[in-house]
Each structure stands twice: as structure tokens, then as C-alpha cells.
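Please view the sequence and the structure below before reading on.

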Amino acid sequence: MNKKIIFKASGLIIILFSIWMLIPTKKNKDLFSERVKVSLRDVGNKILLRNQDTTSLILPVIELEENKYQLSFQKPLSFEPGNLVSIIDSSFQKATLPKDYLVETIQCEEQEVAYSYQILNNVENSIIPCAGRYLPESCYTIEVQFTNIKTTSPSGQIGYYGLLFAGFVLVFLGFYKRELEPDIPENAENYATLGSFQFYPEQNKLVKQAEEISLSKKECELLEIFVANPNQIIKRDELTKKVWEDHGVFVGRSLDTYISKLRKKLEKDDSVKITNVHGVGYKLEINS
């Protein structure tokens with residue numbers, strides 16, 4: 001595959017991937033928020049059932065700030081902290097929510113924390129105090145804050161911006177036509193070395209370092225014969241027959257004209273030249 005096509009394709013893939021990673025995933029965030037709210041309503045329902053309350057309402061779950069939610073109730077209630085821990089853990093596991101969170105039970109009037117605990121993915125570091133002591137009946141709100149939501153860090157963003165830049169560089173290289181390097185055809189193996197030239201018969205061209213020299217069809221056919229028979233005399237009749245036999249009328253001076261054009265295109269390399277063998281034909285001389 002052509003190098004430029006590889007550069008363009010690779011660059012575009014990197015650019016699209018980097019942009020995708022840098023765009024805020026609002027849809028994913030909204031989905032996470034809804035999952036938390038449904039799970040907390042399930043928590044509220046189980047707490048009310050533990051209080052043998054099947055009629056009072058669970059108030060709408062509120063997102064206080066990013067990753068922090070509030071569950072509140074219509075009527076006062078009482079609960080044992082150990083039950084609260086197990087109910088929240090069960091509901092969160094069922095909803096496959098993150099395993100790192102902080103829970104605070106707050107008295108409505110005083111706005112003081114009546115009970116709190118922290119759960120970490122590493123269970124040994126979780127903090128669950130005062131299990132077994134019932135909280136007296138009162139108005140409570142339960143606030144849950146997720147403490148280890150994985151988001152793209154600033155350093156990670158820098159990495160994606162670096163990838164984005166690299167993608168643009170690759171695309172630029174794919175479109176940039178370098179003067180110092182010729183556009184070598186895809187089937188680059190189909191060329192013949194001719195002194196300091198590379199001859200591509202299928203592409204009708206000569207390439208010499210940074211310069212690309214176009215050949216006419218007749219020039220290319222003649223040179224192909226010479227390249228196949230280096231340093232050998234090829235008769236005029238043989239050349240005209242092979243190049244012009246199936247292409248209409250041959251004008252006597254046509255061969256000499258095309259040989260002259262080829263000589264001009266090869267003159268930049270002194271080690272390669274086409275010489276005239278008087279009365280016989282021509283010879284491609286290559287001095288190694």
C-alpha cells in the first residue's frame with residue numbers, strides 16, 4: 001500500500017479516536033445519574049418496609065452536585081445503621097454502581113450528621129461505625145457521594161491532545177508532496193536500474209534521485225528494449241519492427257527523433273548513453 005495512503009488513514013483514525021475520548025460523555029453521565037436515582041429509590045423503599053411503612057412517599061431523589069445525591073422521605077422514620085449499610089450495599093450491587101462511596105444521614109431540622117460511614121472497594125479500609133445502635137425516629141435525609149468516579153484526568157487529556165496532534169501530522173505527511181523524494185509507484189519492484197536512474201516501464205517514467213522524468217509511450221518502449229539488451233547493438237530494423245509494427249505508418253526519421261529525445265533525458269548521467277553504430281543501429285552503453 002502507498003505510504004501516503006497509510007499516513008492519511010492512520011492519521012484520520014488517531015484524530016477520530018482522540019476527539020471521541022476528549023468529548024464529554026454527557027449521555028453516559030445522564031445514564032449513570034438515572035441509575036443512581038433508581039437505586040436510591042429502591043433503598044428508600046426497603047427502609048420504609050423495615051419501618052413497616054407501606055403508605056408514605058419517598059420524595060424525588062435530588063442530585064446535589066456531581067456524583068452526590070440526596071434521598072429524603074415524607075414522614076419521620078427510625079433505622080438501625082447496620083440495616084442501612086446492608087440495604088444500600090445490596091441495591092448498589094444490583095445496579096452495578098461504583099464500590100467507593102460516602103453515606104451521611106442528616107437530621108432535617110438541625111442539618112447535623114446523625115450517622116455516616118464510608119465504603120471502599122478495598123473492604124478492609126471501609127469505615128462503618130456504630131452498627132447496632134438505632135437512630136431515634138426523626139426526619140432524616142440520606143446523602144450518598146461517590147468518591148472514586150474515574151474521569152479523564154488533565155494528564156490523560158494532555159495525552160489525547162498529543163495523539164490528536166500526531167494524527168494531524170500524519171495526515172499532513174499523507175498530503176505533502178516532498179520535493180526531495182519522488183512518488184515511487186506502488187509496484188516499485190518492477191523497475192530496472194540504469195546507472196543512477198530507475199526505469200519504470202509500466203509507469204512510463206525515469207526517476208533520478210529527486211527528479212522524475214516522464215517518458216512518452218514510444219520512448220518507453222524503445223528504452224525497455226535497450227535495457228533488456230545493455231551494451232549490445234540493436235539493429236534499426238529490429239527497433240522499428242518492435243515499436244512501430246502494429247501502430248500504423250512508420251516515418252523514416254521517427255526512430256532517430258525518439259532516440260534523440262531519450263539521449264537528452266539520459267544526459268544527466270555520464271555513465272549511461274545511447275550511441276549510434278553507423279549503418280547498423282544503436283547501442284545502450286552502461287559504464288559501471
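## The disulfide

The model described here is predicted. It holds one disulfide, which joins Cys108 to Cys139 with an S to S distance of 2.0 Å. The link of Cys108 and Cys139 is left-handed, with -70 degrees about the S-S bond. Cys108 lies in the loop between strand E4 (101-107) and strand E5 (113-119), and Cys139 in the loop between strand E6 (135-138) and strand E7 (140-146), so the pair ties together parts that are 31 residues apart in sequence.

Cys139 is partly exposed, at a relative accessible area of 30%. Cys220, by contrast, is buried, with a value of 3%.

## Salt bridges within helices

Side chains of opposite charge can pair when their charged atoms come close. The count of salt bridges in this structure is nine.

One of them links Asp42 and Lys46, at 3.3 Å from N to O. Both residues lie in helix H2 (residues 26-50), four residues apart, or about one turn of the helix. Asp42 is partly exposed at 24% relative accessible area, and Lys46 is partly exposed at 23%.

Another salt bridge joins Lys217 and Glu221, at 2.6 Å from N to O. These two residues are four apart in helix H5 (residues 217-228), separated by about one helical turn. Lys217 is exposed, with a relative accessibility of 52%, whereas Glu221 is buried at 18%.

## The pair of Lys205 and Glu212

Lys205 and Glu212 also form a salt bridge, their closest N and O atoms being 3.2 Å apart. Here Lys205 is buried, with a relative accessible area of 10%, while Glu212 is partly exposed at 37%.

Terms used. Residues numbered from 1 in each chain as written. Predicted model: local features only at pLDDT ≥ 70, side-chain atom pairs only at ≥ 80, totals over all residues. Heavy atoms only, no water. Disulfide = S-S within 2.5 Å. Buried < 20%, exposed > 50% of the residue type's maximum accessible area, 1.4 Å probe, protein only. Salt bridge = Lys/Arg side-chain N within 4 Å of Asp/Glu carboxyl O.
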